[in-house]
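Here is a short briefing on a protein structure. Please look through the sequence and the model before reading the points.

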There are 2 protein chains.
Amino acid sequence: MCQLLGMNANVPTDVMFSFAGLAQRAVEHRDGFGIAFFEGRGLRHFVDAASARESRLAEWIQRYPIRSEVVIAHIRKATQGRVTLENTHPFQRELWGRYWVAAHNGDLKDFHPCLHAAFRPVGDTDSERLFCWLMQELAKAHCQVPTIAELSLTLGELLPQAARHGTLNLLLSNGEALWAFCTTDLYLLERRHPFGAAHLADADLSVDFSTQTQPSDRVALLATQPLTVGEPWQRLAPGELLVLQGGQRLA
Amino acid sequence: MCQLLGMNANVPTDVMFSFAGLAQRAVEHRDGFGIAFFEGRGLRHFVDAASARESRLAEWIQRYPIRSEVVIAHIRKATQGRVTLENTHPFQRELWGRYWVAAHNGDLKDFHPCLHAAFRPVGDTDSERLFCWLMQELAKAHCQVPTIAELSLTLGELLPQAARHGTLNLLLSNGEALWAFCTTDLYLLERRHPFGAAHLADADLSVDFSTQTQPSDRVALLATQPLTVGEPWQRLAPGELLVLQGGQRLA
């Protein structure tokens, strides 16, 4: 299994504090890490087959404030696929002139969908097969560029089919919206005015967000386990598909 | 225009020395930089819309030895497209279960090919349109995964068509081979045993490769302008397509 972190905000926001908490968990989840930052249509995508606790890249990311509206991060504990760069989440593809990024927590047994179109796995994980299949089926389902609501409907049909094969906690984004699908472990935290202080669950590190934010800011975080103590993390229900845009959930 | 750096070697090799030389040229070419490192099938892809002389990411890359068999780097001076992350080379796509990366020096006028298939630009540069068109046409030309020789033949037909629109110096790789196409400015340097010292053309920095190499090592470098003084850089001919694999040119 692995651990996930997702962030969606209505203003470019850094995730140094949250990523520092996630990286602490790389003692057990040491088989690589990755993090993708959307900046408008652009994407910064960092992966390393080393543990997030030992990687010099992870250390740099914790010290350098990259401000982004959508972030997806992952620390890997390999279940399927070797410990190599190409098996490290998040994965990236292009569809309809947008970059898409996905990271998966879980383990899909006997999941070998027919990949007959333009999306092929580079590595050998169930997670990348899932991502390629989702891209293929989204492309087939929509001949024009769909709206976020239309994409959400299609994902709501596709993801339960894949989830029959096992545990499927997924973060997916095209930079416009962040989709989160849960079968076992995903928690949502919505930070908004009045902002307060937060303390990491995994390290002796606190931040007072009231000094760094504007009253109109909205930040939503997703994680496979709550990253902070004393904040109202809400557990997603099994089978729930959550859509975030502008730092808040869509109906 | 922009500046390009390519490297292909038969053993994982770092490009810190060469990239330090390229980054010196970012005084004029300040509209972003990017560098892609293949590690087997995996890919590390770094982009920044800041100048390679000022970017903290570029500074980190110059200090951290990432060993790779194929590297493509680019510093941008914008001619078409805004200075944004999505317009920063090298560009990345997946085809036949391999990542492909391309960077372009030049300016293609009125180049608007019909992009009817699975590769669409995310940004608004002529260079990304060129890359998407090459991916589309390669995919159409080969129903099975082609060999390097077959890919080279197809690229040899496609690239001159695009070059009718203007200057086209291109580096392209799928991690297995590195293709270089030249219309005006590309230079090749092949380093092999006996290795000697090299001195950057743009900075007071030298390296003695004889202390860092084995007799069997082969390293080929490509650049829009020679990066070192006192080494036998060979200028490519207009219209020449060069294919490198294992640190040496293929016939």
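Helices (H or I, at least four residues) and strands (E, at least two) are DSSP runs, numbered from the N terminus. A:Arg63 sits in helix 2 of chain A. This is a predicted model, in which local features need pLDDT of at least 70, side-chain atom pairs count only at pLDDT 80 or more, and totals for chains, interfaces and linings use all residues. Residues are numbered from 1 along each chain as its sequence is written, chains are lettered from A and ligands numbered from 1 in the order in which they are written, and side-chain values use heavy atoms, with hydrogens and water left out.

**Positive patch**
- A:Arg56, A:Arg63, B:Arg56 and B:Arg63 form a positive surface patch.
- Helix 2 (56–63) of chain A and helix 2 (56–63) of chain B are the elements that give two or more residues to this patch.
- Patches are made of residues with over 30% relative accessible area and no salt bridge; like charges are joined within 9 Å, nonpolar side chains (Val, Leu, Ile, Met, Phe, Trp, Tyr) within 5 Å.
- A salt bridge is a side-chain nitrogen of Lys or Arg within 4 Å of a carboxyl oxygen of Asp or Glu.
- Accessible areas come from the Shrake-Rupley method with a 1.4 Å probe; for residues, only the protein chains shown count as cover.
- Lys and Arg count as positive and Asp and Glu as negative; His and the chain ends are not counted.
- The place of a charge is taken as NZ of Lys, CZ of Arg, CG of Asp or CD of Glu.

**Cysteines**
- The structure holds 0 disulfides over all chains (a disulfide is a pair of cysteine sulfur atoms within 2.5 Å).
- A:Cys114 is in no disulfide; its nearest cysteine sulfur belongs to A:Cys132, 13 Å away.
- A:Cys114 is exposed, at 56% relative accessibility (buried means under 20% relative accessible area, exposed over 50%, partly exposed in between; 1.4 Å probe, protein chains only).
- B:Cys114 is also in no disulfide, and the sulfur of B:Cys132 is the nearest, 13 Å away.
- B:Cys114 is exposed, with 57% relative accessible area.

**Helix 1 of chain A**
- Helix 1 (residues 16–24) has 7 of its 9 residues buried, so it is largely enclosed by the rest of the structure.
- Among the buried residues are A:Phe17, A:Phe19 and A:Leu22.

**Backbone**
- The peptide bond from A:His89 to A:Pro90 is cis, with omega near -10°.
- A:Pro90 lies in the loop between strand 4 (68–76) and strand 5 (91–95) of chain A.
- B:His89 and B:Pro90 are joined by a cis peptide bond, with omega about -10°.
- A:Asp110 is not a glycine, yet its phi is positive, near 55°.
- A:Asp110 is exposed, at 68% relative accessibility.
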